[in-house]
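The following paragraphs lead the reader through a structure, one part at a time. Please keep the sequence and the model in view while reading.

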Amino acid sequence: MIGRAPGWIVPLVGAFALIWIVPIVGLVVTSLRPISEIILGWWSLQEFTLTLDAWIVVWDKYPLAYAFWISTKIAVISTIIPMLLAPAAAYAFHFLKFRFRRLLLILIINAFVLPNQVVIIPLFRLWRELGLIDNIWSVIIPFAGLSFAWAVFLVKNYLEDFPNELIEAAQVDGCGPLARFFYIVLPNALTPIAAVGILQFMWTWNGLLLPVVFLRDELPLTALLARIQGVYDRNWDQVAVAAIITTIVPLMIFIVFQRYFTAGAQTKSGSKE
Amino acid sequence: MATLELDGIKKKYGELEVVEGLDLSVEEGSFTVFVGPSGCGKSTLLRMIAGLEEITAGELRIDGERMNDATPVERGVSMVFQNYALYPHMSVEKNIAFGLKMLGLPRDDIKRRVAAAAETLQIGALLKRRPSQLSGGQRQRVAIGRAIVREPRLFLFDEPLSNLDAELRVTMRVELAKLHRQIGATMIYVTHDQTEALTLADKIVVLRDGAIEQAGTPMELYLDPANAFVAGFIGSPQMNFLPVTTTGTDAGLRLSSAELYALNVVPDGAGWGADMTLDLGIRPEHLQVGEDLPVRFDINVDVVENLGGTRYVYGSTASGKSVIAETRADAIPRAGDKVTVGFDPVRARYFNANGQRLRHKLAA
């Protein structure tokens with residue numbers, strides 16, 4: 001058959017996939033075996049018992065459900081903000097003409113080069129002044145703010161290929177700048193907006209540094225995981241449980257929305273390619 | 001329906017002047033075609049009329065009213081784009097209705113007008129489809145539907161047929177002509193295809209380098225071109241240009257050429273003189289293979305293009321000048337043959353070295 005992959009491809013790719021999945025298998029197995037066995041290595045088969053002890057301990061000892069709720073709040077709010085505002089900014093920078101456009105764009109994109117660590121001290125002092133320490137907004141604001149650089153850049157790049165005739169057709173049809181954005185650009189820019197959403201969600205869900213510094217009791221999962229790990233005893237099984245719980249959400253999100261990473265631009269204006 | 005007047009319209013991008021002080025008036029209900037080679041400013045001009053491009057200087061009036069800074073809707077124009085520009089996320093019906101929705105028309109009104117437009121263009125069966133599910137010709141109809149549904153004062157077409165295949169282009173050309181007769185609106189059409197211009201237009205405006213070379217009816221431009229550019233651009237295949245030299249006086253000049261033919265010309269207007277080198281322009285359809293026309297010379301045949309009903313003979317003269325002649329005879333010359341071609345001097349047009357037309361009386 002034409003276009004059929006050669007036979008050796010499948011075992012080769014399979015082997016690579018196996019290497020990829022080994023850490024995850026290790027994580028799951030670690031969470032399900034008693035600590036006495038894990039010390040010999042999670043792969044050791046001298047003794048093999050499966051137990052849910054670690055899961056029960058973690059569930060009892062740590063406020064996992066609450067941390068899950070905090071994580072969700074932080075990640076969802078700091079994802080929605082750039083999903084709404086980045087396309088609007090990208091549209092304005094790409095299609096509208098106004099004073100200082102270039103300068104403003106450079107200022108926003110410049111935040112690209114700003115690492116998290118740099119903003120921690122000044123932000124910490126600001127939040128302390130404002131009494132925002134241990135308030136989830138102390139994390140959401142920098143999460144959303146720092147995302148604009150790449151989010152605006154990503155959507156604007158996508159709009160580079162956006163057919164200008166569509167904008168002009170809408171203009172002839174009587175759309176002002178806002179109507180053009182809502183009726184024409186937004187419905188045809190779902191791909192980059194979804195990409196912004198997925199990337200930002202992953203980043204904020206997995207974010208550790210800012211929550212650890214700014215939050216005390218309102219801890220998200222990642223910070224809680226760090227706390228579990230912080231204890232001196234050998235509790236690798238419990239750490240594995242926490243890690244699985246933390247990882248499961250981004251994994252699901254990725255599996256559900258991965259088609260947005262592969263979907264092509266939906267902006268064909270109807271001309272013959 | 002509307003009249004359009006352009007008064008000293010200019011367009012500059014920085015220092016670059018792409019449209020230079022253009023005057024034109026378009027009559028109510030007429031079909032005007034802007035034609036010219038790429039980069040001549042015809043699309044820019046159309047976009048300025050549409051309100052998509054700022055006018056650097058001059059005045060644009062629709063029905064006598066200054067419209068330089070008006071939005072497309074205030075101008076009452078609608079436009080069909082070269083690649084259709086259908087909204088990909090909307091059904092055909094919504095595409096057509098979108099402009100009306102933006103105008104805030106009542107739902108029933110919109111429905112009725114969309115149905116009427118669909119009826120006119122015979123796209124009723126496609127209303128629920130997306131643009132990606134349509135063929136090129138269907139997309140073209142939808143784009144036209146989107147334009148007519150608004151009942152604009154002025155229709156603008158920007159090379160609407162250039163994305164269609166040859167056969168469909170001919171069909172759509174006829175349909176556009178019918179549509180114009182049916183709705184009687186003022187239409188302005190941009191194309192680089194002189195066939196479209198000749199077949200569709202009431203008035204053709206030939207543009208080059210941002211200026212009007214000539215404006216007139218198709219037959220005026222075909223029979224009475226103002227210069228060599230228009231003469232060469234209108235008509236297909238292109239007009240032949242053959243160098244000739246003049247001797248004699250203003251009252252009567254003798255033209256002779258390297259091809260060993262000669263004829264007499266009585267000047268009618270300025271620009272003529274003795275000892276000049278001119279271009280004699282003769283269209284391929286007037287340069288016939290055979291011995292029966294008054295002015296004759298020989299050519300060596302390079303290629304023969306057989307179109308069935310007629311054939312074009314591509315050849316070169318004794319002095320190496322390429323010419324195209326026509327023959328309707330069944331005996332087809334072959335490459336390498338030497339054939340005699342001839343023309344009637346009545347059909348000849350003369351141009352000076354700058355390409356300006358030199359008018360003449362038919363020699364007595």
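Over residues 4-234 of chain B, what percentage of the chain is helix and what percentage is strand? This stretch is 39% helix and 26% strand, and its end C-alpha atoms are 24 Å apart. Helices (H or I, at least four residues) and strands (E, at least two) are DSSP runs, numbered from the N terminus. An unreviewed UniProt entry lists residues 4-234 of chain B as "domain: ABC transporter"; UniProt positions are given in the numbering used here, feature names are shortened, and annotations may be inferred rather than shown by experiment.

The model is predicted: local features need pLDDT of at least 70, side-chain atom pairs count only at pLDDT 80 or more, and totals for chains, interfaces and linings use all residues. Residues are numbered from 1 along each chain as its sequence is written, while chains are lettered from A and ligands numbered from 1 in the order in which they are written.

Consider next the sheet in chain B. Six strands form an open sheet in the order S6-S7-S8-S3-S9-S10, with mixed pairing; two strands pair if DSSP finds at least two bridges between them. Strands S6 and S10 (211-216) of chain B are the edge strands, each pairing on one side only. From one strand to the next, the twist averages 20°; axes are lines fitted to C-alpha atoms, for helices over the stretch in contact, and angles run from 0 to 180 degrees between N-to-C directions. Within the sheet, strand S7 (residues 154-158) of chain B runs parallel to strand S8 (residues 186-191) of chain B, and five bridges join them. One example is Leu156(B), whose bridge partner in S8(B) is Ile188(B). Helix H5(B) packs on the sheet, where H5(B) touches S6 and S7 of chain B, and its direction makes about 175° with that of S6(B).

The contact between the chains involves 24 residues of chain B and 21 residues of chain A; two residues are in contact if their C-beta atoms, placed from the backbone, lie within 7 Å. On the side of chain B that touches chain A, at least two residues each come from helix H2 (72-75), strand S6 (77-80), helix H3 (92-102) and helix H5 (136-148) of chain B.

Chain B is also divided into domain 1 (4-233) and domain 2 (240-361), with bounds from an automatic or database domain assignment. The centres of these two domains of chain B, taken over C-alpha atoms, are separated by 38 Å.
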